[in-house]
Amino acid sequence: MATRVRSFAKINLGLAVGPPRPDGFHALSTIYQTIGLHDFVTVSARQAAEMRITLTANHRGVPRTENGDAEKNTAWRMVSAALTRMGVTAEVHLDIDKRLPVQGGLGAGSANAVAALMGLERELGVALPGAERLRLAAEIGSDVPLFLLGGTVLGIGRGEEVYPLPDLGVAPCVVATPGVGVSTKQAFADLDARYPSAGSVAPSLTSSVENARITKLSCASAAVWACNGIAGNANGTAPHSSGTTPTVSPEHGFGISPSGEQFEGGLAENPLLALVRTGIENDFEEVVFSQHPFLRSTKRELLGSSSSQALYAALSGSGSALFGLYFSQAAAREAQQRVEHSGTRALLTEMLDRQTYFDTMFAE
Ligand SMILES: C[C@](O)(CO)[C@H](O)COP(=O)(O)OP(=O)(O)OC[C@H]1O[C@@H](n2ccc(N)nc2=O)[C@H](O)[C@@H]1O
Ligand SMILES: Nc1ncnc2c1ncn2[C@@H]1O[C@H](COP(=O)(O)OP(=O)(O)OP(=O)(O)O)[C@@H](O)[C@H]1O
């Protein structure tokens, strides 16, 4: 028997990058949001006298056994580390059915690692404690721990320190996937080069300005909490006390529940709108757009005009994927068509709340 796991992508709702730290990573603050697009990771595992982990994939950009570089794969690394922590020797086969872009800024490789861990635990009937999972995930990559929480997640530190936020909602989302890859490592280096601090040998971001932006984005997450405090509970584990997740509406401009019922008090109480109104931005846009100017046009297409405007559009992570969030399915479809008309692939999906993330993670 094998276990097939959906490996959902993320977008970044704002990403503020600070100066490099002594360990070479950059301090950052971001709000991660899982979305419905996904790869499939299939895990087969059985206890054995000797350890053997093999990996196949349907995309040539994915490190795998056939190419002799499986050990570089996030999913392979996660399974290897998890088996060591479990004290289990096993024969494991991983298959990655890649549907998300590689080097897309959608955290696809990071999500693959968590999907592999979930599949491995189910296959072996062994579950690591939550804190152990988070520690392992942070060792694999900065973007990995968020996928252990799902839904709307605050990320600080180098992005690996994660806190579940009450879900922002289920707004329709269009993801544009341009045919260029962006190296995350290079994007951080380009940001450093753009903001060299006077007098220093190594380039670094101007810390006072950038740290203020990090603080601002962390404060923006407080807007989410405040709104959810009104709309429901704010303990970060249950979406809303009403049991519903807010959606956004073009006609009314404020939150309505899936049953059509409006939240009292209007716009100010919709957490997604409240977050957008704090002025969230992705710091990578400046450097990535100057290298790939057509991405700026794609963002404009996602944003649309005043008659069918996006609630928000931005680069995800260090790109190259961009996303738009919309008030309605119709507005999202129009945006998808605008982007595809200009020759860039665009996929229609929606924000994925925490409950749905876990309920739909295991494929039949
Ligand atoms: C840009 C984001 O996608 C935003 O969500 C993430 O910060 C990237 O996370 P990730 O892909 O898991 O990144 P990692 O695998 O941890 O690091 C890849 C490389 O990116 C750089 N890196 C990453 C995260 C961070 N906070 N500072 C960095 O400088 C480092 O050079 C590192 O060697
Ligand atoms: N499971 C994996 N799937 C895809 N790429 C992987 C995987 N494991 C390691 N890699 C390597 O990592 C690089 C980037 O992978 P990924 O697709 O996760 O980038 P990304 O979407 O930009 O991620 P992030 O948003 O976390 O920066 C690839 O070039 C590839 O060599």
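Biologist: What percentage of the 364 residues in the protein is buried?

Modeller: This is a predicted model, in which local features need pLDDT of at least 70 and side-chain atom pairs count only at pLDDT 80 or more, while totals for chains, interfaces and linings use all residues. Residues are numbered from 1 along each chain as its sequence is written, and chains are lettered from A and ligands numbered from 1 in the order in which they are written. A residue is buried if 20 or more other C-beta atoms lie within 10 Å of its own, exposed if 12 or fewer do, and partly exposed in between, with C-beta atoms placed from the backbone. Under that rule, the buried share of the 364 residues is 49%.

Biologist: How many helices and strands does the protein have?

Modeller: Helices (H or I, at least four residues) and strands (E, at least two) are DSSP runs, numbered from the N terminus. Counted in this way, the secondary structure comes to eleven helices and ten strands.

Biologist: How many residues of domain 2 are in contact with domain 1?

Modeller: The protein is divided into domain 1 (3-164) and domain 2 (172-355), with bounds that come from an automatic or database domain assignment. Two residues are in contact if their C-beta atoms, placed from the backbone, lie within 7 Å. On this basis, 36 residues of domain 1 meet residues of domain 2 that number 45.

Biologist: How many charged residues are on the side of domain 1 that touches domain 2?

Modeller: Ala, Val, Leu, Ile, Met, Phe, Trp, Tyr, Cys and Pro count as nonpolar, Asp, Glu, Lys and Arg as charged, and the others, Gly among them, as polar. The side of domain 1 that touches domain 2 receives two or more residues from each of β1, β2, β5 (152-156) and β6 (161-165). By class, this side has 20 nonpolar and 16 polar residues, and the number of charged residues is none.

Biologist: How many residues of strand β7 are buried?

Modeller: P172, V174 and A176 point one way from β7, whereas C173, V175 and T177 point the other way, and all are buried. Strand β7 is therefore largely enclosed by the rest of the structure, since its buried residues number six of the six.

Biologist: Which residue of β10 is the bridge partner of A176?

Modeller: Two strands pair if DSSP finds at least two bridges between them. Strand β7 is joined to β9 by four bridges, in an antiparallel arrangement, and to β10 (residues 345-350) by six, also running antiparallel. Within the pairing with β10, A176 has as its partner A346.

Biologist: Why does ligand 1 lie between two domains, and which are they?

Modeller: A residue is near a molecule or strand if its C-beta atom, placed from the backbone, lies within 6 Å of it. Of the 19 residues around ligand 1, the nearest are G141, S142, D143, R158 and G317, and the elements that each supply two or more residues to this shell are β1 (3-20), β2 (26-47) and α5 (184-194). Ligand 1 lies between the domains because its shell takes residues from both domain 1 (3-164) and domain 2 (172-355).

Biologist: Which element gives the largest share of the shell around ligand 2?

Modeller: Ligand 2 is surrounded by 22 residues, and the closest are G109, N112, D143, T184 and G317. Two elements give two or more residues to this shell, namely α1 (74-86) and α2. The largest share, four residues, comes from α2.

Biologist: Is D143 buried or exposed?

Modeller: D143 is placed in the loop between α3 (130-140) and α4 (146-149), and, leaving out residues up to four places away in sequence, D143 touches G107, S110 and G159. With 29 C-beta neighbours inside 10 Å, D143 counts as buried.

Biologist: What is the omega of the peptide bond from G319 to S320?

Modeller: Most peptide bonds are trans. S320 is found in the loop between β8 (312-315) and β9 (322-325). The bond from G319 to S320 is cis, and its omega is near 15°.
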